[in-house]
Amino acid sequence: MPTDDEQITQLFKQFMQAWTDNDAAAFGACFTADADYVSYDGTHATGRPALQDNHDRLFRGVLAGSALVGDLETIRHITADVAVVHGTASVLMPWRSELPKRRLSRQTLVVVRTEQGWRISALHNGRVRPVTIPDPGSFPSRMSQAMSRVSRRLSGGRPSPDAPRTTSPTTSI
């Protein structure tokens with residue numbers, strides 16, 4: 001019998017293959033019924049039907065013929081039935097022979113053991129675009145510190161807990 005890590009690795013491969021086959025039903029089958037899917041642009045789909053419908057439209061539309069290519073990086077077991085998985089993957093469009101560097105994304109997945117085997121319960125997908133952290137004494141840091149001091153003097157510097165918050169769409173790719 002395959003180990004948990006082998007089963008989780010297989011799930012990650014199935015996830016990528018379902019995308020590459022542009023098969024929304026197989027893609028959806030990789031997820032729990034109540035899964036959360038946060039796309040690289042920050043949009044959020046809740047539940048297998050929503051994320052499967054989004055991907056069906058994408059696979060028949062702007063991502064038709066695309067492949068998902070990448071690698072599983074790490075598996076960290078939280079409990080015997082829950083693991084956090086990190087992988088990198090990118091969408092390779094059919095007219096490209098190699099991935100553009102700006103398309104690389106990192107996925108953070110929460111996978112859970114179900115009666116049907118391991119499934120993705122949550123996925124967050126973000127572009128890999130590392131930013132150099134400026135030294136606290138650098139010009140950008142000093143400017144930010146000065147702006148913060150001015151803001152605090154003028155308005156208290158932070159929004160009230162009662163201030164309106166922006167919301168984002170709840171559907172996604």
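Of the 173 residues of the protein, I find that 31% count as buried, where buried means under 20% relative accessible area, exposed over 50% and partly exposed in between, with a 1.4 Å probe and protein chains only. I am working on a predicted model, in which local features need pLDDT of at least 70 and side-chain atom pairs count only at pLDDT 80 or more, while totals for chains, interfaces and linings use all residues. Residues are numbered from 1 along each chain as its sequence is written, and side-chain values use heavy atoms, with hydrogens and water left out.

I then listed the elements: the protein has four helices and six strands, taken as DSSP runs numbered from the N terminus, with helices being H or I of at least four residues and strands E of at least two. From the N terminus on, their order is α-α-β-β-α-β-β-β-β-α.

Next I turned to strand S4, and to Thr 88, which lies in it (residues 82-92). Is Thr 88 buried or exposed? Its relative accessible area is 12%, so I record Thr 88 as buried. Nine of the eleven residues of S4 are buried, which means that the strand is largely enclosed by the rest of the structure. Leaving aside neighbours within four places in sequence, I see Thr 88 in contact (heavy atoms within 4.5 Å) with residues including Phe 12, Val 69, Leu 104 and Arg 106.

For the pairing of S4, I use the rule that two strands pair if DSSP finds at least two bridges between them. Strand S3 (residues 67-79) pairs with S4 in the antiparallel sense over eleven bridges, and the two form a hairpin with two residues between them. Gly 70 has Ala 89 of S4 as its bridge partner. S4 also pairs with strand S5 (residues 105-114), in the antiparallel sense over eight bridges, and here His 86 stands opposite Thr 108 of S5.

Among the lining residues are Phe 12, Val 85 and Leu 109, and helix H1 (4-20) gives the largest share, four residues.

Note on methods. On a 1 Å grid over the protein atoms alone, a cavity is a set of points where a 1.4 Å probe fits but cannot get out, and a pocket is an open set with protein on both sides within 12 Å along at least five of seven lines; lining residues have an atom within 4 Å of a point.
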